[in-house]
Amino acid sequence: MRQHGNNQEVLTEISPTLEEEVDNGDRVAVNDSFSVQRALSSETDARAQAMQVEARPEVTYGDIGGIDDQIRDVREAVELPLLDPERFDTVGIEPPTGVLLHGPPGTGKTMLAKAVANGTDATFIKMAGSELVRKFIGEGARLVRDLFELANEHEPAVIFIDELDAVAAKRTDSKTSGDRFDRLIEVPEPDAEGREQIFQIHTRGTTLAEDVDFAELAATTEGRSGAEIESLATEAGMFAIRDERTEVRMDDFEAALEKITDEDTPAEPVAFR
Ligand SMILES: Nc1ncnc2c1ncn2[C@@H]1O[C@H](COP(=O)(O)OP(=O)(O)OP(=O)(O)O)[C@@H](O)[C@H]1O
Ligand SMILES: [Mg+2]
């Protein structure tokens, strides 16, 4: 038996009463000790697949560069109520129940949500990508209800809904759309200092030559996201490997930057006659 989401394999016996009902390859519901409860209908199964449970993501705040203010805001909104609920009781305010992270792609939003789950020992529940969600667009509300139910079972949990627009946009008729979230936090593209930090983070395990200058690299990567800087670091390493070197040099980073810049530029249309 495979448990969806975190690739665990568990061997379990089926009770005789269920033998009739369950076939090879069926998806089933299990309890906490992995004993099979019942077979899932294909509809329930598809809904379950739209949600992924990650017990404890490995990302920590230290892995995220350049968005310290956003980290602080998220921690205040999400972590404090989980770790120190009395503070809210004492002051007499309701803790925020949700945070909406928005901003350009590859800037660390998903990382940040995972780091919160890690930092609070919470379960990370992720609503899977768009295709599955789209299937249930008509039942957006139901899917969200399922999601919160799942979160209750795994309390404390961080629910992560990606491509929120896919779910929320279709629910504009509902008065509740949007105010699930009492905090809006914008995660921007990193500035030069942020890019320098991200270079450092993504080369922690890399053997670097003396001449590597991250401040300079940060200055020449204006507009690049964290995800792009990560692939730059990998690409630079590839240049060193191709050259049979053990150290990554400044010119490897420069070559990598040139390469990804070329990839960005759409090819000129060519006319054949
Ligand atoms: N601020 C950052 N610090 C360090 N690494 C980063 C940062 N932002 C992005 N990365 C790198 O890029 C990868 C993708 O980041 P992430 O998935 O968090 O982006 P996102 O903001 O959720 O993007 P999207 O809007 O496309 O979902 C991360 O796994 C990480 O390696
Ligand atoms: Mg994301």
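User: Which polar side-chain atom lies 2.8 Å from an oxygen atom of ligand 1?

Analyst: Good place to start! Keep in mind that this is a predicted model. The atom belongs to Lys 109, whose side chain places a polar atom 2.8 Å from an oxygen atom of ligand 1. With Met 111, a polar backbone atom is 3.0 Å from an oxygen atom of the ligand. Ala 227 also uses its backbone: an N or O atom there lies 3.5 Å from a ligand oxygen. Taken on its own, ligand 1 has 630 Å² of accessible area, and the protein covers 77% of that.

User: How many residues surround ligand 1, and which are the closest?

Analyst: There are 15 of them, and the closest are Gly 106, Lys 109, Thr 110, His 202 and Glu 230.

User: Why does ligand 1 lie between domain 2 and domain 3?

Analyst: Just check who contributes to the shell. Domain 2 (54–186) gives residues to it, and domain 3 (192–264) does too, so the ligand lies between them.

User: Now the strands, please. How do strands of a sheet pair?

Analyst: Here is the general idea: they pair through backbone hydrogen bonds, and the pairing can be parallel or antiparallel. In this structure, one open sheet has 3 strands in the order β5-β7-β8, with mixed pairing. Its edge strands are β5 (51–54) and β8 (157–161), each of which pairs on one side only. From one strand to the next, the twist averages 20°.

User: Do β7 and β8 run parallel or antiparallel, and how many bridges join them?

Analyst: They run parallel, and 5 bridges join β7 (residues 123–127) to β8.

User: Which two strands form a hairpin with 5 residues between them?

Analyst: That would be β3 and β4. Strand β3 covers residues 28–30 and β4 covers residues 36–39; they run antiparallel, joined by 3 bridges. One bridge to look for links Val 28 with Ala 39 in β4. While you are in the turn, look at Phe 34 as well: its phi is positive, at about 65°.

Definitions and conventions: Residues numbered from 1 in each chain as written. Chains lettered and ligands numbered in written order. Predicted model: local features only at pLDDT ≥ 70, side-chain atom pairs only at ≥ 80, totals over all residues. Heavy atoms only, no water. Near = heavy atom within 4 Å. Polar contact = N/O pair within 3.5 Å; in protein donor to acceptor, adjacent residues only side chain to side chain. Areas by Shrake-Rupley, 256 points an atom, 1.4 Å probe, with all protein chains shown as cover. Domains from an automatic or database assignment. Pairing = 2+ DSSP bridges. Helix = DSSP H or I, 4+ residues; strand = E, 2+ residues; numbered from the N terminus. Axes fitted to C-alpha atoms, helices over the stretch in contact; angles between N-to-C directions.
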